[in-house]
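This report walks through one chain. It takes up loops, strands, rings, sulfur atoms and the core in turn.

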Amino acid sequence: QVQLAESGGGLVQPGGSLRLSCAASGSIFSFNAMGWYRQPPGKERELVARITGGGITSYADSVQGRFTISRANAKNTVYLETNSLKPEDTAVYYCFVITTKFYWGQGTQVTVSS
């Protein structure tokens, strides 16, 4: 079993930044991919960014150039640096990890508002 602990969400003004963290614990020795989805109010959950076990990253077009995903393997932790935030980035951000199964975190709220 794998547990994911997210942190770093909050309220930020447009143009601001937040750093989201996701720490995986439990029966995890390696992973195929870790990353983040988000679910804006009243909308479907969407993939934001992911990083593979080999370090290959990919991003949604809407966040390309503004968000950066990185990892600390020794800690089984993934980070999402979010910059130049816009009101449309407001959502619950969910961490995920893919090992032999797909695991979700509980989610952390990001609100971008003046």
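Where does G8 lie? G8 is in the loop between β1 (2-7) and β2 (10-12). The model is predicted: local features need pLDDT of at least 70, side-chain atom pairs count only at pLDDT 80 or more, and totals for chains, interfaces and linings use all residues. Residues are numbered from 1 along each chain as its sequence is written, and side-chain values use heavy atoms, with hydrogens and water left out. Strands are DSSP runs (E, at least two residues), as are helices (H or I, at least four), numbered from the N terminus.

G8 is partly exposed, at 32% relative accessible area. Buried means under 20%, exposed over 50%, and partly exposed in between (1.4 Å probe, protein chains only). Leaving aside neighbours within four places in sequence, G8 contacts L18, R19 and L20; contact means heavy atoms within 4.5 Å. S113 is 105 residues from G8 along the chain, and their C-alpha atoms are separated by 16 Å.

S84 is in another setting: the loop between β8 (77-82) and β9. Its phi is near 50°, a positive value in a residue other than glycine. S84 is partly exposed, with 41% relative accessibility.

Strand β4 spans residues 33-39. Five of its seven residues are buried, so β4 is largely enclosed by the rest of the structure. Two strands pair if DSSP finds at least two bridges between them. β4 runs antiparallel to β5 (residues 46-52), joined by six bridges. A33 stands opposite T52 of β5. The two strands form a hairpin with six residues between them. In that turn, G42 has a positive phi of about 75°.

β4 also pairs with β9 (residues 91-98), again antiparallel, over seven bridges. Here M34 has V97 as its bridge partner.

**The β7–β8 hairpin**

Six bridges link β7 and β8 in the antiparallel sense. F67 has T82 of β8 as its bridge partner. Four residues lie between the strands of this hairpin, and N76 in the turn has a positive phi of about 45°.

**Aromatic rings and charges**

Rings of Phe, Tyr and Trp (its six-membered ring) pair if their centres lie within 6.5 Å; planes under 30 degrees apart count as stacked, over 60 as edge-to-face and the rest as tilted. By this rule there are six aromatic pairs. Two of them are tabulated here.

| Ring pair | Centre distance | Plane angle | Class |
|---|---|---|---|
| Y37 and F96 | 5.3 Å | 70° | edge-to-face |
| F96 and W104 | 6.4 Å | 65° | edge-to-face |

The Y37 and F96 pair links distant parts of the chain. Y37 is in β4 and F96 in β9, 59 residues apart. F96 is buried, with a relative accessible area of 2%, whereas W104 is partly exposed at 37%. Y37, Y94, F96, F102 and W104 form one aromatic cluster.

Two arginines sit over tyrosine rings. A charge sits over a ring if NZ of Lys or CZ of Arg is within 6 Å of the ring centre and within 35 degrees of the ring normal. R19 lies over the face of Y79, at 4.1 Å from the ring centre. The charged end of R45 is over Y94, 3.7 Å from the centre of the ring.

**The disulfide**

How many disulfides are there? The count is one, taking a disulfide as a pair of cysteine sulfur atoms within 2.5 Å. C22 is joined to C95, with an S to S distance of 1.9 Å. The torsion about the S-S bond is about -80°, so this disulfide is left-handed. C22 is in strand β3 (residues 18-26) and C95 in β9, 73 residues apart. Both ends are enclosed: C22 is buried at 0% relative accessibility, and C95 is buried at 0%.

**The nonpolar core**

A nonpolar core is a set of buried Ala, Val, Leu, Ile, Met, Phe, Trp, Tyr and Cys residues joined through side-chain atoms within 4.5 Å. Which residues touch the most other members of the largest core? W36, L80 and Y93 do, in a core of 28 residues. The elements giving two or more residues to this core are β1, β3, β4, β5, β7 (67-72), β8, β9 and β11 (108-112).
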